[in-house]
Amino acid sequence: MREFERKQLLERVDREAATVGASIPDTLDVQGEEFELREFVFEVKKLDSVPAERREDVEEAKKLLRRERLQRRERLEEGYITREEGEEVVNAIIGIERALNALESLGTTSIEAEIEASERADKKRWFSFLKEALGHDNEEGIKR
């Protein structure tokens, strides 16, 4: 592949709207193993929120997809590949990006963590207020 063709392919990957209209691949070869990507994404997306038992799977899938996207991009940037192989890599990267967007749009894992952290902070402030209002001190007992 010529250098200008490589640049064109990289521009397609970097285009902000690259994933618009793109479909999630049915399967994705990830480190020699086949991953049923579309089925996984649609299964998780149809739930109202990510159940606790699936959160770890979703986070692991996102890490795996990010790693795979980076490896394929590096192959496109630096590898010796033909134009046709480059097209396949670009389509795979865009499909991975589409799947990542779908999984990251769930957001329930971070929102729930934020809610829990906020509730813990509220309780801590409330107990600090009560201790101060009642005149209690952790080290010296009751203040006078």
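The report below covers the basis of the model, the pocket and the salt bridges.

## Basis of the model

This is a predicted model, in which local features need pLDDT of at least 70, side-chain atom pairs count only at pLDDT 80 or more, and totals for chains, interfaces and linings use all residues. Residues are numbered from 1 along each chain as its sequence is written, and side-chain values use heavy atoms, with hydrogens and water left out.

## The largest pocket

The largest pocket has a volume of about 150 Å³. A pocket here is an open set of points on a 1 Å grid over the protein atoms alone, where a 1.4 Å probe fits, with protein on both sides within 12 Å along at least five of seven lines; lining residues have an atom within 4 Å of a point. The volume is the space filled by probe spheres set on the points, which are joined across faces, edges and corners.

Among the lining residues are Val 13, Arg 15, Thr 19, Arg 73, Ile 93 and Asn 101. Helices α3 (52-78) and α4 (83-104) each supply at least two residues of the lining, and α4 gives the largest share, four residues. Helices are DSSP runs (H or I, at least four residues), as strands are (E, at least two), numbered from the N terminus. By class, the lining holds five nonpolar, two polar and five charged residues. Charged covers Asp, Glu, Lys and Arg; nonpolar covers Ala, Val, Leu, Ile, Met, Phe, Trp, Tyr, Cys and Pro; the others, Gly among them, count as polar.

## Salt bridges across the chain

The whole structure has eleven salt bridges, each a side-chain nitrogen of Lys or Arg within 4 Å of a carboxyl oxygen of Asp or Glu. One of them joins Arg 12 and Glu 87 at 2.7 Å, N to O. This pair links distant parts of the chain, with Arg 12 in helix α1 (residues 3-14) and Glu 87 in helix α4, 75 residues apart. Arg 12 is partly exposed at 23% relative accessible area, as is Glu 87 at 24%; partly exposed lies between buried (under 20%) and exposed (over 50%), with a 1.4 Å probe and protein chains only.

Glu 68 and Arg 72 form a salt bridge of 2.9 Å, N to O. Both lie in helix α3, four residues apart, about one turn of the helix, and both are buried.
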